[in-house]
Amino acid sequence: MNALTNYLWFEPYKNAVCETDDTKLPGRILEARSALEQRLLSPVIPGSDEDRALQSAQMGLRRLLSERANHAHSASDNPL
């Protein structure tokens with residue numbers, strides 16, 4: 001895990017994944033997506049540790065967005 005902290009995009013990604021305040025989460029996700037997209041503007045060695053970490057981070061953000069959407073949907077179904 002220490003190697004991940006060397007990537008500039010990792011801190012915004014970690015902040016999004018670890019955010020517990022629903023009001024701050026959209027901004028954290030946006031920052032993480034922006035950091036990942038910025039990194040992907042430069043070549044990444046296919047199959048490298050960073051390439052695999054980037055793919056995992058992208059999948060993690062998609063999952064986080066999906067869970068957030070499901071949570072919002074179920075909260076609107078249940079007014080309690």
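Modeller: Read along the sequence, the protein follows the pattern α-α-α, with 3 helices and 0 strands, where helices (H or I, at least four residues) and strands (E, at least two) are DSSP runs numbered from the N terminus. This is a predicted model, in which local features need pLDDT of at least 70 and side-chain atom pairs count only at pLDDT 80 or more, while totals for chains, interfaces and linings use all residues. Residues are numbered from 1 along each chain as its sequence is written, and side-chain values use heavy atoms, with hydrogens and water left out.

Colleague: How is a pair of aromatic rings described, and how many aromatic pairs does the count come to?

Modeller: In general, the distance of the centres and the angle of the planes describe such a pair. Rings of Phe, Tyr and Trp (its six-membered ring) pair if their centres lie within 6.5 Å, and planes under 30 degrees apart count as stacked, over 60 as edge-to-face and the rest as tilted. By this rule there are 4 aromatic pairs. Y7 and W9 are stacked, at 5.5 Å centre to centre with 10° between the planes. The rings of W9 and Y13 have centres 6.5 Å apart and planes at 65°, so this pair is edge-to-face. Ring pairs link Y7, W9, F10 and Y13 into a cluster.

Colleague: Are W9 and Y13 buried or exposed?

Modeller: Buried means under 20% relative accessible area, exposed over 50%, and partly exposed in between (1.4 Å probe, protein chains only). W9 and Y13 are both buried, and Y7 is buried as well.

Colleague: Which residues touch the most other members of the largest nonpolar core?

Modeller: A nonpolar core is a set of buried Ala, Val, Leu, Ile, Met, Phe, Trp, Tyr and Cys residues joined through side-chain atoms within 4.5 Å. The largest has 16 residues, of which W9, Y13, A16, L36, L61 and L64 touch the most other members. α1 (10-18), α2 (25-39) and α3 (49-77) each supply at least two residues of this core. Taking contact to mean heavy atoms within 4.5 Å, and leaving aside neighbours within four places in sequence, A16 is in contact with L25, R28, I29, A32, L61 and L64.

Colleague: Which residues of α2 are buried, and where do they fall, seen down the axis?

Modeller: L25, I29, A32, A35 and L36 are buried in α2. Seen down the axis, the buried residues of α2 fall within an arc of 130°, so they line one face of the helix; the arc is that of the directions from the helix axis to the C-beta atoms. On the other side of α2, L30, E37 and Q38 are exposed.
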